[in-house]
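Student: Could you walk me through this one? I'd like to start with the conventions and then move on to the fold and the pairing of the chains.

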There are 2 protein chains.
Amino acid sequence: MNEELNNEDIQIVDEEKVSRVRETLPNDELIFDLAELFKVFGDSTRMKIICALLEEELCVGDIACITNSTASAISHQLRVLKQSKLVKYRKEGKIVYYSLDDDHVKQIFEKGREHIEEI
Amino acid sequence: MNEELNNEDIQIVDEEKVSRVRETLPNDELIFDLAELFKVFGDSTRMKIICALLEEELCVGDIACITNSTASAISHQLRVLKQSKLVKYRKEGKIVYYSLDDDHVKQIFEKGREHIEEI
DNA sequence: TGAATATATGAACAATTATTCAAATATTCA
DNA sequence: TGAATATTTGAATAATTGTTCATATATTCA
């Protein structure tokens, strides 16, 4: 009786290990940003868009056609990709051409594929 | 009148480009698997677990402590990481130690970080 | 200017999913 | 064996999110 800790609070941990690892962790903001970035890759439609753009620049209508999706759905997803700086675009009249923004996309894609294919 | 296409079906596309890109696309299964893989990286809690395990092998309780989470929540997420072959584990008595399964995790993590930090 | 086309956008709906809570296993040790 | 600890698991809840549909905006061209 009169204990300061009840059962739920007790947890046996390797305190030295825990504080050592804690200090090496990236800050919460970077972890959040990383998760947000990978979340963008974590959808089949967006992954298909990325695969298509790995080949060449494409307009919204062509991407929709290639991915068997609607222009509206693709436009929504392109916005997500744009916000993460994964794609860029240029306008030519009423047509908007999208392309991959830098080489990281390809590198991340390839590393993912390596993992999948080596299992 | 008597047209075979109504407005919703009409879409002007660069057919040659579309079929060319279509042929280079990975099959749907690979695209799905890739999206599933990146989805696993796309959650802050799992990303924290991954960051911690980049340092050294850890038991469930210690991971929970490091990430300010509960053992139950961590256990659920470790199951997800296990299913994607991102972590492996070994049992020592009642303690289960988890560690990263191969070097792809670190590589994917690093590529993600490069993208974040170069913007 | 007005019709046609390409893209973007907002709201609504359905589906997915992370966490919590309670309870079940598994293991050690007195 | 029974208490204590570590982890797992299943169900429920709350929050997030992808697609659809209707509509808005932008651009070209007759």
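Tutor: Helices (H or I, at least four residues) and strands (E, at least two) are DSSP runs, numbered from the N terminus. This is a predicted model, in which local features need pLDDT of at least 70 and side-chain atom pairs count only at pLDDT 80 or more, while totals for chains, interfaces and linings use all residues. Residues are numbered from 1 along each chain as its sequence is written, and chains are lettered from A and ligands numbered from 1 in the order in which they are written.

Student: How many helices and strands does chain A have?

Tutor: Chain A has six helices and three strands, and read from the N terminus its elements follow the pattern α-α-α-β-α-α-β-β-α.

Student: And what's the strand order in the sheet?

Tutor: In chain A the order is β1-β3-β2, an open sheet of three strands with antiparallel pairing, where two strands pair if DSSP finds at least two bridges between them. β1 (58-59) and β2 (87-92) of chain A are at the edges with a single partner strand each, so one side of each has no neighbour in the sheet.

Student: Which residue stands opposite A:C59?

Tutor: That is A:Y97 in β3(A); β1(A) and β3 (residues 95-100) of chain A pair in the antiparallel sense over two bridges.

Student: What lies across those strands?

Tutor: Helix α3 (residues 44-55) of chain A lies across β1, β2 and β3 of chain A and runs at about 90° to β3(A); axes here are lines fitted to C-alpha atoms, for helices over the stretch in contact, and angles run from 0 to 180 degrees between N-to-C directions.

Student: Switching topic, how many residues of chain B are in contact with chain A?

Tutor: 46 residues of chain B are in contact with 46 residues of chain A, contact meaning that the C-beta atoms, placed from the backbone, lie within 7 Å.

Student: Which helix of chain B gives the most to that side?

Tutor: α2(B) gives the most to the side of chain B that touches chain A, with ten residues.

Student: How are the two copies related?

Tutor: A rotation of 180° with 0.0 Å of shift along its axis superposes chain B on chain A with an RMSD of 0.0 Å, by least squares on the C-alpha atoms of residues with pLDDT of at least 70 in both. The two copies are thus related as by a two-fold rotation axis. The same surface serves both copies, as 100% of the contact residues of chain B recur in chain A.

Technical notes: Contact = placed C-beta atoms within 7 Å.
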